[in-house]
Amino acid sequence: MPYEYLDDVAIADVQFRAWGADLSEVFISAAEATANVMIRDLASILPREQRTLTLENEDAEMLLFDFLGELVYYKDAEHLLLRVPSVTIEQSDGTYRLRALAVGEPLDPQRHEQGADVKAVTLHRFNLAREGDGWSATAILDI
Amino acid sequence: MAVADQLVRVSDTLWELPRSFKEGMRVPARIVGTEPLVRAMDETVYEQISNVACLPGITEYAFCMPDGHFGYGFPIGGVAAMDVAQGGVISPGGIGFDINCGMRLLRTNLTYEEVKPRLKQLVDRLFQQVPAGVGSRGMLSIPREEFRQVCVQGARWCVDRGFGWTEDLTFTEENGCIGGADPAKVSERAIDRGLKQLGTLGSGNHYLEIQVVRPENVFDAKLLRFFGLDHPGQVAVMFHCGSRGFGHQVATDYLQTFLKAMPRYHLQVRDRELACAPFHSPEGQDYFAAMKCALNISFANRQMILHRVREVFAQVFGREAEALGLHMIYDVAHNTAKLERHVVHGRERQLLVHRKGATRAFGPGSPEIPAAYREVGQPVIIGGSMETGSYLMVGVPEGAQTFYSTAHGSGRTMSRHRAKHQWRGSVLRSELEQRGIYIRSVSDAGIAEEAGGAYKDIDQVTEAAELAGISKRVVRFAPIGNVKG
């Protein structure tokens with residue numbers, strides 16, 4: 001799994017570190033880390049519905065913040081659990097443009113073993129940075 | 001030099017980080033607590049509370065309560081009073097994402113002996129009727145326009161539609177409806193997230209608990225009688241929840257608004273979660289009006305839950321809720337910012353008091369508390385872990401030193417991730433059942449995360465609050481049944 005949960009900083013919340021070879025991969029890893037806080041077995045989320053996410057931001061880090069916020073939004077607004085199999089991110093004219101396919105299904109308490117609800121993505125120590133040949137992201141989710 | 005070594009002891013229960021601790025501190029930071037509690041706090045608390053002391057308009061001190069721990073921006077347990085006439089700011093990070101997360105406490109006239117044979121049935125029914133868990137949805141289906149009305153009317157909206165009693169409003173902070181809420185300042189996304197969640201608990205440390213008063217846990221029998229808890233073994237109901245996805249989105253939206261607005265007001269902060277705007281600015285006023293919508297949604301959420309609790313008790317015990325004496329003792333928020341009048345150096349000033357994981361605790365005589373309680377002070381409801389119990393305290397006159405603010409819970413000492421490695425939810429549940437505490441949760445992992453061992457000792461927290469003179473203990477409630485997300 002290209003993400004891990006970090007202990008002993010955000011003791012009431014959840015902090016994760018995710019990584020990937022490029023921006024798309026680190027975004028996908030961060031989405032998995034966020035979803036995995038709420039649902040124990042991500043494989044239990046079946047690809048029954050899909051949503052297309054389109055976002056843009058001048059700052060790649062804030063684009064990741066907005067992207068994770070979308071997953072939290074769909075969880076409440078449509079009770080929809082989403083995983084993100086593919087993300088494309090393009091940069092032009094100083095703006096990052098993201099297009100992602102998110103697939104999943106409404107939460108079914110019988111089939112989806114729940115963890116903790118994510119209230120929000122916080123900007124405290126929120127970070128997206130190049131690391132070696134790839135990228136890494138850290139975030140604290142408010143529980 | 002370690003940060004802890006720079007703490008100056010002001011008294012046995014008050015510790016100060018002087019302005020010299022960090023460049024930019026406008027006032028000293030003060031941590032309330034006994035030495036063991038304060039020394040055991042993680043150093044991020046010192047870091048965060050001293051960052052708060054740098055915010056424009058902060059008055060007297062940045063405070064951290066005895067249950068303080070790591071937050072984002074503000075520590076949990078942070079209190080900051082901003083002088084709005086002197087450029088004081090409003091900061092979503094000083095309130096928390098879960099706007100008006102708070103506690104509601106009811107009494108019953110039932111005893112433990114009466115409840116015990118039906119405890120499982122009671123908790124099982126509550127688990128069905130008060131939805132909990134990830135993105136949980138309530139049973140109320142209302143159009144968006146109606147939801148906007150709830151934003152304005154709060155718990156009053158519920159009571160007007162038969163979801164509760166008029167007296168419930170009397171015993172809710174702000175009578176369950178704070179003025180100045182403007183739904184036009186709230187995004188459609190926030191309404192999308194909250195529309196179907198009225199009457200739900202959520203998850204994390206939110207819970208609904210059946211509790212009992214045991215004679216050995218009574219600190220002030222006279223006050224206990226005053227609040228209608230006058231016989232041994234009497235059963236109470238306590239729950240902890242907030243404004244759900246609606247409030248979380250309001251906070252998220254304005255965090256970004258403020259980050260963009262700060263350069264315009266020449267504001268710089270040490271942490272993006274401290275994003276703020278002058279209270280008297282268009283952005284500051286918009287957030288204040290939007291935040292009040294979330295305050296009201298949360299009062300309405302707890303009112304709907306109260307209504308379901310009464311329904312369930314009536315079904316299980318075959319008597320009307322009135323006959324079971326299911327009266328509210330109080331409902332109080334612990335994630336808010338409110339305009340209040342406080343006397344500073346002999347002069348009354350209007351201050352915006354941010355309380356993040358801190359409870360307002362007005363003393364006797366305050367016009368802000370129900371007339372019935374003015375003689376004794378405002379009830380303060382301190383939620384503990386599902387294993388260790390919770391407290392009823394009251395505000396005291398000496399509370400003026402912290403702008404009448406006190407603790408809100410026990411405060412965590414261990415991460416959720418570590419707690420899951422330390423305990424197994426299913427084992428913990430069986431152990432607690434053997435100790436007479438019956439738990440229903442949507443998640444075994446959630447039970448492990450909320451294990452009592454992951455929290456500070458609530459007895460120490462409430463004792464420290466009393467010793468410091470910011471609130472006084474009335475009773476400690478012992479849990480017997482718990483519903484959680």
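1. Start with a pair of helices in chain B. Helix 4 of chain B passes helix 11 of chain B in a right-handed crossing. This is a predicted model, so read each point below as a description of a prediction. The two helices, residues 119-129 and residues 282-317, pack at an angle of about 145°, and their axes are 10 Å apart.

2. Who touches whom in that pair? On the helix 4 side of chain B you'll find B:Gln121, B:Leu122, B:Arg125, B:Leu126 and B:Gln129. They meet B:Arg308, B:Val309, B:Glu311, B:Val312, B:Gln315 and B:Val316 in helix 11 of chain B. Sorted by class, this contact has five nonpolar, three polar and three charged residues.

3. Now hop over to chain A for another pair. Helix 1 (residues 23-38) and helix 2 (residues 60-77) of chain A pack at about 35°, with axes 10 Å apart. The crossing of helix 1 and helix 2 of chain A is right-handed. Helix 1 of chain A brings A:Leu23, A:Phe27, A:Ala30, A:Ala31, A:Thr34, A:Ala35 and A:Met38 to the contact, while helix 2 of chain A brings A:Ala60, A:Leu64, A:Phe67, A:Leu68, A:Leu71 and A:Lys75. The class count here is eleven nonpolar, one polar and one charged.

4. Back in chain B, have a look at strand 19, residues 472-484. Is this strand enclosed or open to the outside? In strand 19 of chain B, 13 of the 13 residues are buried, so the strand is largely enclosed by the rest of the structure.

5. Which strands pair with strand 19 of chain B? Strand 8 of chain B (residues 207-218) runs antiparallel to it over eight bridges, and there B:Val213 stands opposite B:Phe477. Strand 16 of chain B (residues 390-394) is also antiparallel to strand 19 of chain B, with five bridges; one pair to find is B:Val394 with B:Lys472. Strand 18 of chain B (residues 438-441) runs parallel to strand 19 of chain B and is joined to it by four bridges, and B:Tyr438 has B:Gly481 as its bridge partner.

6. There's also an open sheet of seven strands in chain B, in the order 1-2-3-4-5-13-12, with mixed pairing.

7. Last, the place where the chains meet. The contact takes 39 residues from chain B and 31 residues from chain A. On the chain B side, the elements giving two or more residues include strand 4 (62-72), helix 8 (188-194) and helix 12 (416-422) of chain B. The largest share of that side, five residues, comes from helix 10 of chain B. By class, the chain B side splits into ten nonpolar, 17 polar and twelve charged residues.

Methods: Residues are numbered from 1 along each chain as its sequence is written. Chains are lettered from A and ligands numbered from 1 in the order in which they are written. This is a predicted model: local features need pLDDT of at least 70, side-chain atom pairs count only at pLDDT 80 or more; totals for chains, interfaces and linings use all residues. A residue is buried if 20 or more other C-beta atoms lie within 10 Å of its own, exposed if 12 or fewer, and partly exposed in between; C-beta atoms are placed from the backbone. Two strands pair if DSSP finds at least two bridges between them. Two residues are in contact if their C-beta atoms, placed from the backbone, lie within 7 Å. Ala, Val, Leu, Ile, Met, Phe, Trp, Tyr, Cys and Pro count as nonpolar, Asp, Glu, Lys and Arg as charged, and the others, Gly among them, as polar. Axes are lines fitted to C-alpha atoms, for helices over the stretch in contact, and angles run from 0 to 180 degrees between N-to-C directions. A crossing is left-handed if the near helix is turned anticlockwise from the far one by less than a right angle, and right-handed if clockwise.
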